[in-house]
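Notes below, in the order I went.

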Amino acid sequence: MRKLIPVLALLLFLPSPGLRAEEPVDLEMVTRIRAEGFRNSQVMDVVSHLTNEIGSRLTGSPQLHEANEWTKEKLAEWGLANAHLEPYPFGRGWSFSRSAVRMVAPREIQLVAYPKAWTPGTDGPVRGEAMRADLKSEKDFDKYRGKIAGKILFLDAIEALEDEDRPEFKRYDDKGLGEIAAFEIPEERGPGWRRGALERFKLRQALAEFLAAEKAVATVEASGRAHGIVRVTSGGFHDIEESPGVLALVMAREHYNQIVRRLDAGQPVEVEVDVATRFHEDDTRAFNTVAEIPGTDKKSEIVMAGAHLDSWHASTGATDNAAGVAVVMEAVRILKALGVKPRRTIRVALWTGEEQGLLGSVAYVKEHFATRPETTDPEQKKLPERYRDDTWPLKLKPEHAKLAAYFNLDNGTGKVRGIYTEENAGVKPIFEAWLAPFADLGATTVTLRKTGGTDHIPFDQVGLPGFQFIQDDIEYGSRTHHTNLDDYDHLRREDLMQASVVMASFLYHAAMRPEPLPRKPLPQEPPKPKEEPKKEEATTAAGGR
């Protein structure tokens, strides 16, 4: 048996040992993982195929199904067992093949614009008068009723470009990592925390129906990024029961401002749109790709790693999140190439529907680990699940006790700098020990903080140990996240290789340690709000009314 080196021998790597001296780390295996990951890496081959060959991978689209099949076959080719696709209900798919938008009067200007997902296209080129429209709430509908037929509505006011002093390329320095490591007591979140998102969803529903009834040609919004970057996500609905509304476009902010500046000056503007979109309704399921390295003496226990395979449609989804998928796949390839025989089964899951609300990972957790009762509130039933209030009690399935850990990667192409523990103090010294051999690669920080927005959340919400790594931002927040620039050229080879060896080492050590990782207490039903006591009728000094 390979000798496990106690982390006491790693103190040269560590700022302070604390409790870490008792957590064993297999340095011989770490050495082998680093050698395989840095000398024989296939991470860029994987990410190149996902982006350059398959392209964008919107959930429900033919391209995503192609990615599901390719990743399943690649994992099986590497020797992983039980490679398969797990379905869950989704709705209609959508794709687009053309977006040509131009101003045709008072002069011709080519404009950069992309359609929002799940909105209809045009049947060839269509021209319409541009019109500014403020539709911030349903109260605004009446002033436009009967006035917008045949119009192309520009929904935003002119907005200045961002401060040029803001850095476009960022890596964490010691100060930034120190700020992440320092725990902040979270603000209290009341039962109405979903209210803002819910109100926006209901407005989208009402606006789609209103615009279709009024026969508007299209809506146009300004991109949330400047410098020609178009950030675009969803405008319609993948639920077949919902109205798709009318074509919704997002336009490069500089081009958008040109149009609105003319409209604000009272100058008539005519715009031509020629957008080809397609709805896919033959199969309303989506699929997660799943495969595993079988365990040995603890094979019924599972260690998981995952990343989301789906993307948005304006580019090829390189940093969001073909990068994470390639890292997770490369991590298990490394372990298979080394002939590792893990005690626990190591399972990889490539999620879909992440961009629509973590749908793939939510479905997987419900199928395998824990469920909640269906809501009986008729108003709640009308809403997508992510906007509903939690129901109780939480019902655990047998597999819930078998999951030792879940590790997620989904914050771009940047190298791993550490890991969020989701307020689980029990894993902090363990993770510090596991990170110690990678301090020379910049991975040093373990924080008790929680982080949001990734597929570890459905695991954490049912009391499972799910974690997301800390990554350098690079250009994720400034240029690539959900934009038309999210392409292969923005990937960082060395960072993805570094992340792959860290992921492989975490999977190995989680699969080999004698006990599963410590868990937090199970979520508990919050106390019901106290009813306000009824105010007694006021009395006067004269003895009442």
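I started with Pro 106, which lies in the loop between strand S4 (93-105) and strand S5 (109-111). Ala 105 and Pro 106 are joined by a cis peptide bond, with omega at about 10°. I looked up how elements are named: helices (H or I, at least four residues) and strands (E, at least two) are DSSP runs, numbered from the N terminus.

This is a predicted model, where local features need pLDDT of at least 70 and side-chain atom pairs count only at pLDDT 80 or more, while totals for chains, interfaces and linings use all residues. Residues are numbered from 1 along each chain as its sequence is written, and side-chain values use heavy atoms, with hydrogens and water left out.

I found another cis peptide bond between Asp 320 and Asn 321, with omega about 5°. Asn 321 is in helix H7. Trp 118 is not a glycine but has a positive phi of about 65°. I place Trp 118 in the loop between strand S6 (113-115) and strand S7 (126-132). I flagged these spots because most residues other than glycine have a negative phi, and most peptide bonds are trans.

**Confidence**

pLDDT is the predictor's confidence in each residue, from 0 to 100. The chain has a mean of 92, and 91% of its residues reach 70 or more. Residues 7-20 fall below 50, and that stretch has 25 contacts beyond near neighbours in sequence (contact means heavy atoms within 4.5 Å). Residues 537-545 are also below 50, with two such contacts. Where pLDDT is low, the predicted coordinates should not be read in detail.

**The sheet**

What is the strand order in the open sheet? I read off eight strands, S3-S12-S14-S13-S17-S20-S18-S19, with mixed pairing (two strands pair if DSSP finds at least two bridges between them). Strand S3 (81-89) and strand S19 (445-447) are at the edges with a single partner strand each, so one side of each has no neighbour in the sheet. From one strand to the next the twist averages 25°. Axes are lines fitted to C-alpha atoms, for helices over the stretch in contact, and angles run from 0 to 180 degrees between N-to-C directions.

I also checked S18 (residues 416-420) against S20 (residues 466-471): they run antiparallel and three bridges join them. Gly 418 sits opposite Ile 470 in S20.

Helix H3 (residues 62-77) lies across S3, S12 (285-293) and S14 (344-351), at about 10° to S12. Helix H8 (residues 359-368) packs on the sheet too, touching S3, S12, S13 (298-308) and S14, and its direction makes about 105° with that of S3.

**Helices around H7**

H2 (residues 43-54) packs on H7 (residues 318-337) at about 140°, axes 9 Å apart. The pair is therefore oblique (under 35 degrees is roughly parallel, over 145 roughly antiparallel, 65 to 115 roughly perpendicular, the rest oblique). H2 contributes Val 43, Val 46, Val 47, Leu 50 and Thr 51 to the contact, and H7's residues there include Ala 318 and Glu 330.

H7 also packs against H13 (residues 493-512), at about 55° with axes 8 Å apart. Among the residues that meet are Ala 323 and Leu 335 in H7, and Leu 496 and Tyr 508 in H13.
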